[in-house]
Amino acid sequence: MNNSNPLLSICIPTFKRIELTRNTIASIYADIDGVSLSDFEVIVSDNDPEQSSKIFEEEFKFDNFHYHATRCEGFLNSFYVL
């Protein structure tokens with residue numbers, strides 16, 4: 001399977017929840033025994049105007065990890081990440 005067609009998308013909307021989001025992402029990558037990175041993707045959608053979660057691009061350098069900054073307000077970020 002190639003990375004452009006993952007079987008699973010793990011979508012994480014966030015707004016200034018650095019530690020919670022970091023722990024969530026870390027736990028995903030810590031427990032992938034026998035699962036290919038091309039089988040899933042992790043998408044973080046950050047609606048913080050300061051883009052506080054952009055730091056995860058440097059922390060989680062996986063081909064299947066995607067960070068997106070958005071201007072969506074409130075719960076619209078949950079729809080945007082999908």
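**Close-up views of a three-strand sheet**

**View 1. Strand β2 has side chains pointing both ways.** From β2, Phe40, Val42, Val44 and Asp46 point one way while Glu41, Ile43 and Ser45 point the other way, and all are buried (under 20% relative accessible area, with exposed over 50% and partly exposed in between, for a 1.4 Å probe and protein chains only). Helices (H or I, at least four residues) and strands (E, at least two) are DSSP runs, numbered from the N terminus. Please keep in mind that this is a predicted model, where local features need pLDDT of at least 70 and side-chain atom pairs count only at pLDDT 80 or more, while totals for chains, interfaces and linings use all residues. Residues are numbered from 1 along each chain as its sequence is written, and side-chain values use heavy atoms, leaving out hydrogens and water.

**View 2. Strands β1 and β2 run parallel.** Here β1 (residues 8-14) pairs with β2 over 7 bridges; two strands pair if DSSP finds at least two bridges between them. Look for leucine 8, which stands opposite phenylalanine 40 in β2.

**View 3. The open sheet has the order β1-β2-β3.** Strands β2 and β3 are parallel and joined by 5 bridges, and valine 44 stands opposite tyrosine 67 in β3. The pairing in this sheet of 3 strands is parallel. Both β1 and β3 are edge strands with a single partner each, so one side of each has no neighbour in the sheet. From one strand to the next, the twist averages 15 degrees.

**View 4. Asparagine 64 sits in a loop.** This loop lies between α2 (56-59) and β3 (65-69). Asparagine 64 is buried, with a relative accessible area of 1%. Its side chain reaches the backbone oxygen of leucine 37 at 3.1 Å.

Conventions
A polar contact is a pair of N or O atoms within 3.5 Å; within protein, one must be able to donate a hydrogen and the other to accept it, and residues adjacent in sequence count only if both atoms are side-chain atoms. Axes are lines fitted to C-alpha atoms, for helices over the stretch in contact, and angles run from 0 to 180 degrees between N-to-C directions.
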